[in-house]
Amino acid sequence: MRLKILGTRGNIPLSAPRYARHSGILVDTRILLDLGEPAYLRYRPRHIFITHLHPDHAAFLQAAVATDAEIYLPEPTRRFPAGKVMGRPVQSGSYRIVPVPTVHSLKARSVGYVVEKGRRRVFFSSDLVAIEQRYHRRLRGLDLVITDGSYMRRGGLVRTDPASGRPFGHTGIPNLVEFFRRFTSRIIITHFGSWFYQDIAAATRQIASLGDGVRTSAARDGLVVDV
Ligand SMILES: [Zn+2]
Ligand SMILES: [Zn+2]
């Protein structure tokens, strides 16, 4: 599989060249994971899988979009009635896309996606507090994980809803590396928070130093990765 990471900026006002666009990963020009910018439709993907209904991942929440792609969502929305709700794995040609429920927001349901082709398996999580134990088996044997770079500090920014006791927000990159390293030998960090923009060269080095046996690296807009 050839993956192109189209956008690496989180839902923040800061921006920089090569770290300017919102969430989107193109898989072999056929499948798009997240539609953070309407401009990504020019790649003419056949299937689009949205991780959650926040505007930096689902541009149609704030702008009209026209596409003949099938769009899969974690939950229905009036902003895009033609969207299909993701339930079981979806087959797209020789690709299989498997949803993995994630913990992120109190109001929006969220999923990550495993994309399989032959024996290759890639996982993209978007914004993340945690993944419940019961879904961990879906993550076994991954060739690559692409995940949330909102916070470098340990623990990130996770709050707890007093009514339900449910956590929400983003955990820290060190926590994500510790979690995912049991499933993969390669982790790419994307969806950068403001910490990253203070000193991009230092931030990139810091991410690369976290691996401890696993290859960790920072994405940039347009990065191509072969798996
Ligand atoms: Zn986000
Ligand atoms: Zn979000």
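Predicted model: local features only at pLDDT ≥ 70, side-chain atom pairs only at ≥ 80, totals over all residues.
Me: Which residues coordinate the zinc ion (ligand 2)?
Reply: The donors are His52 through NE2, His54 through ND1, His104 through NE2 and Asp127 through OD, at 2.2 to 2.3 Å.

Me: How are those donor residues spaced in sequence?
Reply: The spacing for the zinc ion (ligand 2) is H-x1-H-x49-H-x22-D. The pair His54 and His104 links distant parts of the chain, 50 residues apart. His54 is in the loop between strand E4 (47-49) and strand E5 (70-73), and His104 is in the loop between strand E8 (95-102) and strand E9 (110-117).

Me: Is His54 buried or partly exposed?
Reply: His54 counts as partly exposed, because its relative accessibility is 24%. His104, at 6%, counts as buried.

Me: Why is the arrangement around the zinc ion (ligand 2) irregular?
Reply: The arrangement is irregular because the four donor atoms subtend angles of 92 to 165°. Four donors count as tetrahedral if all angles lie between 85 and 135 degrees.

Me: How far apart are the zinc ion (ligand 2) and the zinc ion (ligand 1)?
Reply: They are 3.6 Å apart, and Asp127 coordinates both.

Me: Changing topic, where is Asp221?
Reply: Asp221 is in the loop between strand E15 (215-218) and strand E16 (223-226).

Me: Which side chain makes a polar contact with the side chain of Asp221?
Reply: The side chain of Thr8 does, at 2.5 Å.

Definitions and conventions. Residues numbered from 1 in each chain as written. Chains lettered and ligands numbered in written order. Heavy atoms only, no water. Donors = N, O, S within 2.8 Å, 3.2 Å for Na, K, Ca; no water. Tetrahedral: all angles 85-135°; square planar, octahedral: opposite > 155°, others 65-115°. Helix = DSSP H or I, 4+ residues; strand = E, 2+ residues; numbered from the N terminus. Buried < 20%, exposed > 50% of the residue type's maximum accessible area, 1.4 Å probe, protein only. Polar contact = N/O pair within 3.5 Å; in protein donor to acceptor, adjacent residues only side chain to side chain.
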